[in-house]
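This report describes selected local features of one protein model.

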Amino acid sequence: MFVPLTPLRCLERALDLFPHKIGIVCGGREFTYSEFGARARRLASGLAKLGVNPGDRLAYLSFNTHRLLESYFGVIQARSIVMPMNVRLSPQELAAILQHAGARYLFFEPEFEQLVAGLRQACPQLERTVALGESSAAADLTYEEIVESGQPEPAEIFTYDENSIAELFYTSGSTGAPKGVALTHRSLYLHALGVMNLCEDPNNTVDLHTIPLFHANGWGRPQVSTMLGFKQVMVRRFDPLTVFRLIEQHRATEMSLVPVMANMLLNAPERTGHDLSSLKVILIGGAAASPELIARMEQSFGCRVSAGYGLTETAPVLTMSRAKSTYAWKDEADRISRAAMAGWPMVGTRVRVVDLHGNDVPRDMTSMGEVVAQGDNVMEGYYREPEATAAVIEGNWFHTGDMAVWDEEGWIHIVDRKKEIIISGGENISSIEVEKAIFAHEAVLECAVVAAPDDQWGEVPAALIVLKPGHSLTQETLLDFLSDRLGRFKMPRIIEFSEDPLPKTGTGKIRKNVLKHRYWVGKDKRVQG
């Protein structure tokens, strides 16, 4: 029997098996899966009544709320494309995305009322704006009016095209202009099945949605969490105190973080005042994690912490650092070191590390190559950009642009972005390796390493560092600290301390292209990287 693959089946399973279980917690409201599913279905029906067509792009400016989570199912049940946008982008960046996508509807929360008024003028293709809260002067109608106008009609699963686009996410733009990643019903459902195999105790999982749902690590969770009937607790906006309170109140067992968030939790004074003993697993992704960060997190939260790896283009998970039956930890240091790596592929994906000619590099954890991937969860392509798609998908392999090493166990260790490798005097230097060594110092809160021009060596590592409150550090002390951790040629030749946070994208990635600009402007085109 051929049953189309679609995330709608994740919701159908929850409605069949967990209808009376509290599924969604959002602020002071709780919804059983039956209530949540009925609202998602009413949304789909209400959108159809408004004339929303198959394939229409429906954009969202929203924090993590039950309404956005409902839309992950309701919009695609209406055969449209859900498009959550990064709320931290500038008005110009948001307008460019809306125009590129040709979005018809824009849903927004009250905080963005003034912004939306400007976006509507800049984007004439926007036909309706919808308030996710109360009625707004910038809105044609409210989300609740759409839901109330609809009927809780079940999706006719057999009528869906599994190869049609369900979700459209624009990349963070940390290394260039954002591109729209088109993910199909099929890719999202099979990604959920793959992630499901990584879940250790589904019957008792309480999932804290800490990462914004416009971020790859955020929207990669709802389908599998719904399919397995997890209690899902929404963190509207990330704040350490709020996170601690929600963990304690709902006995959360699992959450995902990017390293910036993990660092904020570690350094929050409120952490010791809350009972966080329910936590079993913390997953870290979105950027490279250091072994020191993993060790600090495990010691502070008393649970297992593991890194993973993926991209917006892979829906997102490709690999996860977890135990493997054919490998035994050499010691505790080895376990922590491996936990900070990208890990090995999940079910449904193949990952290789290749040279410039597409040949596997030696599996010696030393030879560097580019990570390429294929699998059920890899994107169909960049929306309306065939040339950009052809540039990254070659011979049925997606080229990630990430450099890595690997071993005989298929264990991947990300070394750097291809564009961020520092080539100094002919030697390849991983900016991530230097950052991890700097971050190991207890006084360091944030750091970024970029290439700076040098007349003798071509380019050299430049380190930009933010210290923890109340700590001090000098260039000489740091270099002495690094001398046992880095080869001499890898040592930063430029060290700058900043009192201000490093510039970041809306997904928490440090904008290295912005930091690099100050060194390379007027030198060559690397400033564009």
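## Helix α11

Helix α11 (residues 259-266) is mostly covered, with six of its eight residues buried (under 20% relative accessible area, 1.4 Å probe, protein chains only). The buried positions are Pro259, Met261, Ala262, Asn263, Leu265 and Leu266. These residues pack against α10 (240-250), β12, β13, α12 (291-301), α15 (431-439) and β25 (444-454), where contact means heavy atoms within 4.5 Å. Helices (H or I, at least four residues) and strands (E, at least two) are DSSP runs, numbered from the N terminus.

The model is predicted: local features need pLDDT of at least 70, side-chain atom pairs count only at pLDDT 80 or more, and totals for chains, interfaces and linings use all residues. Residues are numbered from 1 along each chain as its sequence is written, and side-chain values use heavy atoms, leaving out hydrogens and water.

## Three-stranded sheet

Strand β25 also belongs to an open sheet of three strands, ordered β25-β26-β27 with mixed pairing; two strands pair if DSSP finds at least two bridges between them. β25 and β27 (494-498) are the edge strands, each pairing on one side only.

Strand β26 (residues 458-467) runs parallel to β27 and is joined to it by five bridges. Val466 stands opposite Ser498 in β27.

## Second largest pocket

The second largest pocket is lined by 32 residues, among which Arg221, Glu254, Val281, Leu283 and Met320 lie nearest its centre. A pocket is an open set of points on a 1 Å grid over the protein atoms alone where a 1.4 Å probe fits, with protein on both sides within 12 Å along at least five of seven lines; lining residues have an atom within 4 Å of a point. Strand β14 gives the largest share of the lining, five residues.

Methods
Buried < 20%, exposed > 50% of the residue type's maximum accessible area, 1.4 Å probe, protein only.
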